[in-house]
Amino acid sequence: MHFHHHGYVSEDPRYLPAAEGMPRPAELPEEMDVLIVGAGPAGMITAAQLSMFPEVHTRIIDRRPHRLEIGQADGIQARSVETFQAFGFANEIIDEAYWLTEMCFWNPDPENPENIIRTSRAVDDEIGVSEFPHLIVNQARVLDYFNRFMAQSPSRMQPNFGWEFLGLEVEDEAEYPVSVELKNVETGEERTVRAKYVLGADGARSRVRRAIGCSLKGDQANQAWGVMDVLANSDFPDIRTKCAIHSTKGSILHIPREGGHLFRMYVDLGVVGPDDNHKIRETPIEEIIAKANAIIHPYHVDVKNVAWSSVYEVGHRVTNRFDNLEDGEESGRTPRVFIAGDACHTHSAKAGQGMNVSMQDGFNLGWKLGHVLSGRAPEELLHTYSAERQEIAQNLIDFDKEWSSLMASNPEEHEDPSYVADWYTRTAEFPAGFMTQYHPSMITGGTEHQELATGYPIGKRFRSEKVARKSDTNFIHLGHNATADGRWRIYVFADAAAPAAEDSAVRRWAEWMSTSPESPVALYTPEGGDEDATFDIKVIYQQKHPEFELFDAPKLFFPTVGPFGLEHLEKVFGTTPEDDIFELRGISREGAVVIVRPDQYVSAVLPLSEPEAVGEFFQGVLRPVK
């Protein structure tokens, strides 16, 4: 963790110095830069990211009068835990969560079909796609951690609870183009506020979505599930292991929860007829419990307490756009209203994707709004949000359709009783969150130099690996240094020359970056700010850390930070004896430069021998500040 550069810190170092003029007044103002509607996962991560841009006036509202107390989502995929690392609470949430390491599959006993037997087990991350685990934890706790991050940020941001969204209008030419009608749920007061941008993260019944003329398209619900979080005693041997259970009486997706006692069951309630009119939603909890016991026969569940329960019908729907621009308007207008999370994609809960994909929506949009409103990037950057995230949502819908069908299927439909387990293992990388790959755009380059770093596919998330930090000889994960501060990351993977050698390609690259007027460092670093305010540039040498000295690295990798102009000494790395990142990530021994955007996705792989290519990449992505 990096601190003390603003002076000695004896309290929680995550509590960053407040920006000038912060905190803002608690009352909701008449005008603001960004208004976020909905304090769920998508809204809170967007607000948390924007809280690191104190020059951007952001407010987040929710119609609830207080924090969420009982969350409906609970599955935290490894990609989300990587994201939590950037927001500083991955280790804490790992400690309190349930770790999902295996999944058991139960099917009818061929000798006695009325009973179920365990037919297989699947390791949750057999191919090791992440160093982080798959977790189960209450959604409310995730929101609490984002709220803490906001409160400790330079902007000291806090949600405004108790405000309901009524409607909006957009006037493109106004200074604050979006006029928003709100109502105080306690007093009934109605008022109008104005914003430059609005995000609707207000759930599947999103009023913001309706206000911009978007609608969810796709399959209507035809399968009902009862879901319950319960405290119970049971003789079922895998009661503390995630299970997919298929029996002659129906199906259950069983998910243990954090704390050692709580667990969740998604209980198959069967096909819903077209004339049901949602009557299935009135199914009493006693009937759901009875159905669960019938499915897991010869075992039983003795429920002592129901913490939460619901009945839902599975539908798979997505909007065709994630902003207020109609098709064909992208080139002539700037999007002013965005939607994220359940407001633009709905699906079953059984793949554990709702909260996870929603948070990636918000992470994607948050830094882009921050860059545009702070003057660092042109407004065209905002067009990439809908273009990138709508396709990801459609891929999710397609995946969840198949998984939901398999979970509701009759075991007799499959010749191989291990079919569902095999499918789960084969597709594990998708629900873990690692199949997202963005197409070429103003912030995602081409693949002409991909062979220089085959383990960092352009458009996919930057996959961490252990390296040796030279300054203190600690072996750490390279990606764990990337915090959600809105900065671009530039990882310089060195050539084989000794770090001190005059003919080192790294030395020539760093010289151009330090001295050329066309260098991104020269063009986009704010005057008077830290030398690494826009770009966090790190070098990774092929040599082991005892084989060179710290100051063999060029001055570029020791930027001065804070009011005292202290040199930051933790940006120089070597390889570890056990983990050679060059070999593990397919990095050329001639070196490579990997550019990673603020939300952890690889934007470009470039030759170390062509520093000018870095400057060319950022032309149009960022605006000069001098």
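Okay, ground rules. Residues are numbered from 1 along each chain as its sequence is written, and side-chain values use heavy atoms, with hydrogens and water left out. Since the model is predicted, local features need pLDDT of at least 70 and side-chain atom pairs count only at pLDDT 80 or more, while totals for chains, interfaces and linings use all residues.

Let's start with the helices. When I say helix, I mean a DSSP run of H or I with at least four residues; a strand is a run of E with at least two, and both are numbered from the N terminus. Two packed helices are described by the angle between their axes and the distance between the axes. The axes here are lines fitted to C-alpha atoms, for helices over the stretch in contact, and the angles run from 0 to 180 degrees between N-to-C directions.

First up, H1, residues 41-50, with H7, residues 354-373: their axes come within 7 Å and cross at roughly 30°. That makes H1 roughly parallel to H7; the cut-offs are under 35 degrees for roughly parallel, over 145 for roughly antiparallel, 65 to 115 for roughly perpendicular, and oblique for the rest.

Who touches whom? On the H1 side we have Pro41, Ala42, Ile45, Thr46, Gln49 and Leu50, and they meet H7 residues including Met355, Gly362, Phe363, Gly366 and Trp367. Contact, by the way, is heavy atoms within 4.5 Å. Sorted by class, H1 with H7 gives nine nonpolar, six polar and no charged residues. Nonpolar covers Ala, Val, Leu, Ile, Met, Phe, Trp, Tyr, Cys and Pro; charged is Asp, Glu, Lys and Arg; the others, Gly among them, are polar.

H1 also packs on H4, residues 139-152, with axes that come within 9 Å and cross at roughly 20°. So H1 is roughly parallel to H4 as well, but this crossing is left-handed. Pro41, Met44, Ile45, Ala47 and Ala48 of H1 do the touching, against Gln139, Leu143, Phe146, Asn147, Phe149 and Met150 of H4. That contact divides into nine nonpolar, two polar and no charged residues.

Arg79, Ser80, Thr83 and Phe84 of H2 meet Asn356, Met359, Gln360 and Phe363 of H7. By class, that's three nonpolar, four polar and one charged.

Next, the cores. A nonpolar core is a set of buried Ala, Val, Leu, Ile, Met, Phe, Trp, Tyr and Cys residues joined through side-chain atoms within 4.5 Å. Buried means under 20% relative accessible area, exposed over 50%, and partly exposed in between, using a 1.4 Å probe on protein chains only. The largest core has 112 residues, and Trp509, Phe557 and Phe618 have the most contacts inside it. Another core lies apart from it, with 25 residues, among them Val230, Leu269, Ile280 and Ile296.

Now, is Glu388 buried or exposed? With 6% relative accessibility, it counts as buried. Glu388 lies in H8, residues 383-408. Setting aside neighbours within four places in sequence, Glu388 contacts Asn364, Lys368, Tyr438, Ser441, Ile443, Thr444 and Arg597.

Last topic: backbone. Most residues other than glycine have a negative phi, and most peptide bonds are trans. The bond from Met22 to Pro23 is cis, with omega near 0°, and Pro23 is in the segment before strand S1. His297 to Pro298 is also a cis peptide bond, with omega near 20°, and Pro298 is in the loop between H6 and S16.

Then two positive phi values: Thr473 is near 65°, and Gln600 is near 80°. Thr473 is in the loop between S19 and S20 and is partly exposed at 40% relative accessibility. Gln600 is in the loop between S26 and S27 and is buried, at 12%.

Key:
Left-handed = near helix turned anticlockwise from the far one by under 90°.
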